[in-house]
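Reader: I am new to this structure and would like to look closely at one part of it. Could you take me through the place where the two parts of the chain meet, and through what lies on either side?

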Amino acid sequence: MPSYLPEPSFRHDQQSRIGVLLVNLGTPEAPTPAAIRPYLRQFLSDPRVVEIPRAVWWVILNAFILPFRPKKTASKYASVWMSEGSPLKVWTQRQSKLLKGWLGEQGHKEVLVDYAMRYGQPSIAAQMDKLKAAGCEKLLILPLYPQYSASTSATVIDEVGRVLAQYRNQPAIRTVRGFHDDAGYIKALAEQVRSYWQAKGRGHHLLISFHGVPRYTLDKGDPYHCYCRKTGRLLAEELDLAESEYTVAFQSRFGRAEWLQPYVTATLHKLGKANTGRLDVICPGFVADCLETLEEIAIEGKQDYLQAGGKDYHYIPCLNDSPLWIDSLAALTKKELSGWLLTDNTAIDNTQQCTLSRAQALGAQN
């Protein structure tokens, strides 16, 4: 017999609301081994993230990774931790608040905006429960991964489905698959680069770095590689760069299997040895700065490049809370909410009061 979560209290005059849930990857609660270990366990236990037979991977994860990796990772997190907390959580929270403000200024007071993390806190389940309790009968799930991948975007939808299965009264759901070629997103990226160049000068070459995934995912039909390539090309075109002026590469390789190439580390060595001069690096696959951008690219990448003979190295920050990015995120959200958004809130309030009156006439208490 199925068992469902208790439904929140209901009033007939309660306004039907729309929820928008921004979802990012996740982060530990503190830059400590004790906080990182459960985060890594949850993240690396996801079968969409690591496609290795479960029994084999359980031994590897628990015997060789979790006992040792958290300590090493903790020092890396500590090097980029902000006074407000984890960079990824800080920027994602700001994006959520700014998007809510943008929609509110447009008169959409029926829309509630919040954020969740696929791994760690606040969880997707907790935030969906929160929006449902606030009267949201329609939910837009917006993973903050521009380039769709089974190991990122799809696992968010998996978790949303798991949560929905526990509801007796399910909200309507819309999901955003990705936005790798969205015009607003591309223009926001280009403006981020131009603004940096205006403030710091322009480098001799632009490295466009995306998070890597195992090569076999491409062979099995995951479009992520193609989407990254298209984003890189569109960004270069928006910046009016010749093919010789930029390189697309993939970072964060883990394990011994072949991943998408070219690898960022190998590319940095190649460009450094070629006396490229100043190298600028941007990571379009991340809309918020995090460990992979601030430590792996901004710190480790710089060391690799300079040690290989490079002269100067500049990391260009992620979109974070840049105004053009918030505008483009709002435009994307509004497009995805087409047909759901209400226009006359006064009429809506009157309708809710009439609904209550009719329900009470039929014997309802509230």
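Author: What follows begins with the division of the chain and its contact, and then turns to each side and to a few local features.

The model is a predicted one, and its protein chain is divided into domain 1, which takes in 17–180 + 323–337, and domain 2, which covers 183–315. Between the C-alpha centres of domain 1 and domain 2 there is a distance of 23 Å, and the contact draws on 28 residues from domain 1 and 29 residues from domain 2. Together, domain 1 and domain 2 bury about 2,300 Å² between them, with 67% of that area on carbon and sulfur atoms.

The polar side of this contact can be counted as well. Between domain 1 and domain 2 there are 9 residue pairs in polar contact, where both residues are at pLDDT 80 or more, and the count of salt bridges between the two domains is 1. Side chains of opposite charge can pair when their charged atoms come close. A salt bridge of this kind joins the side chains of Glu300 and Lys76, with 3.2 Å from N to O. On the side of domain 1 that touches domain 2, the elements giving two or more residues are α2 (54–65), α3 (69–80), α4 and α12 (323–336). Of these, α3 provides the largest share, with 6 residues.

Behind the contact, a sheet can be traced on one side. Strands β2, β1, β3 and β4 form an open sheet of 4 strands in the order β2-β1-β3-β4, with parallel pairing. Because β2 (111–120) and β4 (172–175) stand at the edges, each with a single partner strand, one side of each is left without a neighbour in the sheet. From one strand to the next, the twist averages 25 degrees. Strand β1, residues 17–27, is joined to strand β3, residues 136–143, by 7 bridges, and the two run parallel; in this pairing, the bridge partner of Val20 in β3 is Leu140. Helix α4, residues 87–105, packs on the sheet and touches β1 and β2, its direction making about 165 degrees with that of β2. Helix α6, residues 153–164, lies across β1, β2, β3 and β4 and runs at about 110 degrees to β2.

Helix α4 also takes part in a link elsewhere in the chain. The side chains of Glu29 and Lys89 meet in a salt bridge, with 2.9 Å from N to O, and this pair links distant parts of the chain, since Glu29 is in the loop between β1 and α1 (33–44) whereas Lys89 is in helix α4, 60 residues apart. Over the whole structure, a search finds 13 salt bridges.

Strand β5, residues 205–211, pairs with strand β7, residues 278–282, in the parallel sense over 4 bridges, and Leu206 stands opposite Asp280 in β7.

Some loop residues deserve a separate look. Most residues other than glycine have a negative phi, and most peptide bonds are trans. A cis peptide bond, with omega about -5 degrees, joins Gln121 and Pro122, and Pro122 has its place in the loop between β2 and α5 (124–133). The peptide bond from Gln261 to Pro262 is cis too, with omega near 5 degrees, and Pro262 is found in the loop between β6 and α10 (264–273). Ser252 is likewise found in the loop between β6 and α10, and its phi is near 65 degrees, a positive value in a residue other than glycine.

How values were computed. Residues numbered from 1 in each chain as written. Predicted model: local features only at pLDDT ≥ 70, side-chain atom pairs only at ≥ 80, totals over all residues. Heavy atoms only, no water. Pairing = 2+ DSSP bridges. Axes fitted to C-alpha atoms, helices over the stretch in contact; angles between N-to-C directions. Contact = heavy atoms within 4.5 Å. Domains from an automatic or database assignment. Buried area = accessible area lost by both parts, 1.4 Å probe. Salt bridge = Lys/Arg side-chain N within 4 Å of Asp/Glu carboxyl O. Polar contact = N/O pair within 3.5 Å; in protein donor to acceptor, adjacent residues only side chain to side chain.
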